[in-house]
Amino acid sequence: RELDEWENAHLAVATPVPLSTLVNSGEWMNNQTGETHKGTFPIDRGTSVAVALNADIFVHSATGLEGTTEAVNMLKLMRYPNVVALEETFEELEAAGICDVVRGTKLMDLTEFA
């Protein structure tokens, strides 16, 4: 979620990784092919290092599955095998007791996590 979207609402267990940062910031190299790509690996807010390749990653977008496609494809290109796009809305996830939703949290930048 972009910064303004994060401030509007986000899942309580989420780590802010805006699509614009994921696909446009920095550059990384595929160790198997040697190809370089634009983008930045997602950072784990608990450890402040790149999310482990074997981690389960759930991608959510306010626009639904359409909004998750680019992020899912980028993460898979980065060799994250366990990436799932969530179809459910915040309200559905909250009502099912899966996760709380945080609303109205202001951040100075994406290094300051709620």
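1. Aromatic cluster. In this predicted model, Trp28, Phe41 and Tyr80 make up one aromatic cluster. The number of aromatic pairs comes to two. For tryptophan 28 and phenylalanine 41, the ring centres are 5.4 Å apart and the planes stand at 70°, so this pair is edge-to-face; the cut-off for that class is over 60 degrees.

2. Placement of that pair. Tryptophan 28 belongs to strand 2, whereas phenylalanine 41 sits in the loop between strand 3 and strand 4 (57-59), so the pair ties together parts 13 residues apart in sequence. Tryptophan 28 has a relative accessible area of 7% and is buried. Phenylalanine 41, at 27% relative accessibility, is partly exposed.

3. Asparagine 30. This residue is found in the loop between strand 2 (27-29) and strand 3 (36-38). Its relative accessibility is 8%, and asparagine 30 therefore counts as buried, the limit being under 20%. Leaving aside residues up to four places away in sequence, asparagine 30 touches Glu35, His37, Leu77 and Arg79.

4. Largest pocket, extent and centre. The largest pocket holds about 770 Å³ of space. It is lined by 35 residues, of which Ala14, Thr15, Phe58, Val59 and His60 are the closest to its centre.

5. Largest pocket, lining. Two or more lining residues come from each of helix 1 (3-8), strand 1 (9-11), helix 2 (19-24), strand 4, helix 3 (65-77) and helix 4 (90-95). Helix 3 contributes the most, with four residues. By class, the lining has 24 nonpolar, six polar and five charged residues.

Conventions. Residues numbered from 1 in each chain as written. Predicted model: local features only at pLDDT ≥ 70, side-chain atom pairs only at ≥ 80, totals over all residues. Heavy atoms only, no water. Buried < 20%, exposed > 50% of the residue type's maximum accessible area, 1.4 Å probe, protein only. Contact = heavy atoms within 4.5 Å. Phe/Tyr/Trp six-rings, centres within 6.5 Å; stacked < 30°, edge-to-face > 60°. 1 Å grid on protein atoms, 1.4 Å probe; cavity = no way out; pocket = protein on both sides within 12 Å on 5 of 7 lines; lining within 4 Å. Points joined across faces, edges and corners; volume = space filled by probe spheres on them. Nonpolar A, V, L, I, M, F, W, Y, C, P; charged D, E, K, R; others polar.
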